[in-house]
Amino acid sequence: MTNSLPSENHKNKVKSSLGDVFCDLKTHLEVADIIQNHKSNRQDIREIALAELNLSKVKSIIDLGCGFGFFTRGLVGKVKKNTKIIGVDRHVKCKQFYLDSCKHAELKGQFISGGIGEIKSIKENSIDLVICSYALYFFPEYLEDIARILKSDGTFVAITHSYPHMVEFTTYVKTILHGAGFYSGNNLPYEELIKGFSNVNGVELLSKWFGTIKSEKITSSLVFNYDDYHCFEKYFRFKKSFFIPPNITNEDVQCEVILESLKNDMKLQSKIEISKKDIIFICQKPT
Ligand SMILES: C[S@@+](CC[C@H](N)C(=O)[O-])C[C@H]1O[C@@H](n2cnc3c(N)ncnc32)[C@H](O)[C@@H]1O
């Protein structure tokens with residue numbers, strides 16, 4: 001058993017390999033639909049995040065870690081048609097999916113691949129609205145640049161997970177892996193990842209770069225009935241590296257052990273419910 005703290009190098013490796021999961025855009029889109037269809041809280045988190053903002057004068061927007069454009073899609077009808085928006089992601093495969101989302105949102109889209117480092121080439125004080133959903137924990141060290149590119153009256157909206165996230169399910173996975181002799185006692189990879197930026201350290205990290213920070217917690221859960229096991233299976237297979245500690249034994253072997261156990265338990269209990277806690281940060285007055 002090891003319980004030592006992971007090094008920076010190790011953390012970066014974990015981040016990079018977890019980020020790789022999202023280059024399968026087709027499955028990412030399918031899994032995003034599964035999440036939307038199985039969440040207990042039917043409110044749209046993007047609607048809540050944007051509800052109190054006056055976006056009528058917004059002329060320039062950036063979506064960081066945009067993926068296929070989940071947050072960008074949520075801007076439909078919220079900003080003027082043909083407003084310029086740039087999506088930034090590290091996977092070039094996002095490009096067409098992202099540009100389709102811009103079309104859906106009636107925005108004039110551009111896509112920059114090459115990752116968050118590309119933000120360095122964006123002019124300071126030039127962007128009205130920066131949005132980022134479920135990605136800031138990959139690059140919290142770029143908050144300074146986010147504040148730098150934002151206009152003095154601009155807004156940064158981040159949607160992220162709260163920590164701990166999916167508590168009961170995380171314990172369940174650890175118990176199964178422990179029983180099979182595969183659990184080292186460390187955090188699961190996704191726990192390590194979201195600790196980089198969450199409700200716990202969010203205000204502290206943001207307050208270095210923003211004068212005003214508002215936050216709102218959103219609680220939901222994912223509910224899968226036994227008949228929907230195939231949906232849960234698709235979700236879990238896509239996200240398996242988030243839950244399975246690397247370097248113990250083959251990831252696929254561990255994945256099958258977890259899925260088999262879960263399928264049996266779902267059959268007995270007729271459903272599983274996975275709590276899901278998110279938080280929205282609205283940041284203004286970049287310093
Ligand atoms: C959980 S997905 C969220 C995607 C999208 N924002 C959404 O809400 O569906 C995380 C995204 O962050 C991207 N990402 C991870 N590391 C990144 C980096 N260093 N630079 C830019 N994008 C990154 C991934 O490629 C992925 O598309």
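Modeller: Let's start just after helix 7, where G181 takes a positive phi of about 80 degrees. Keep in mind that this is a predicted model.

Colleague: Happy to. What makes the length of helix 7 close to the expected one?

Modeller: Helix 7 covers residues 167-179, which is 13 residues. The expected span takes 1.5 Å for each residue but one, and for helix 7 that comes to 18 Å. From first C-alpha to last, the helix reaches 18 Å, so the value is close to the one expected.

Colleague: And which residues of helix 7 are buried?

Modeller: F169, V173, K174 and L177 are the buried ones. Seen down the axis of helix 7, they fall within an arc of 140 degrees, so they line one face. Residues three or four places apart in an α-helix point the same way, because there are 3.6 residues a turn.

Colleague: What does that buried side pack against, and which residues are exposed on the face turned away?

Modeller: The buried residues pack against helix 10 (229-243), helix 11 (251-269) and strand 7 (271-286). The face turned away carries T171, T175, H178 and G179, which are exposed.

Colleague: Now helix 2. Why are its buried residues said to line one face?

Modeller: H28, V31 and H38 are the buried residues of helix 2. Viewed along the helix axis they fall within an arc of 100 degrees, so they line one face. Their partners in packing are strand 6 (210-225) and helix 10. On the other side of helix 2, K26, D33, Q36 and N37 are exposed.

Colleague: A32 is in helix 2 too. Why is A32 called partly exposed?

Modeller: A32 has 16 other C-beta atoms within 10 Å. Buried needs 20 or more and exposed needs 12 or fewer, so with 16 A32 counts as partly exposed.

Colleague: Which residues touch the most other members of the largest nonpolar core?

Modeller: L64 and V130, in a core of 69 residues. Strand 7 gives the most to this core, with six residues. Beyond its neighbours within four places in sequence, V130 is in contact with I62, L64, I146, L150 and F156.

Colleague: Last one: which residues come nearest to the ligand, and how does the shell divide by class?

Modeller: Of the 19 residues around the ligand, G65, G67, F70, G115 and S133 come nearest. The shell has eleven nonpolar, six polar and two charged residues.

Terms used. Residues numbered from 1 in each chain as written. Predicted model: local features only at pLDDT ≥ 70, side-chain atom pairs only at ≥ 80, totals over all residues. Near = placed C-beta within 6 Å. Nonpolar A, V, L, I, M, F, W, Y, C, P; charged D, E, K, R; others polar. Helix = DSSP H or I, 4+ residues; strand = E, 2+ residues; numbered from the N terminus. Arc of directions from axis to C-beta. Contact = placed C-beta atoms within 7 Å. Core = buried A, V, L, I, M, F, W, Y, C linked by C-beta atoms within 7 Å.
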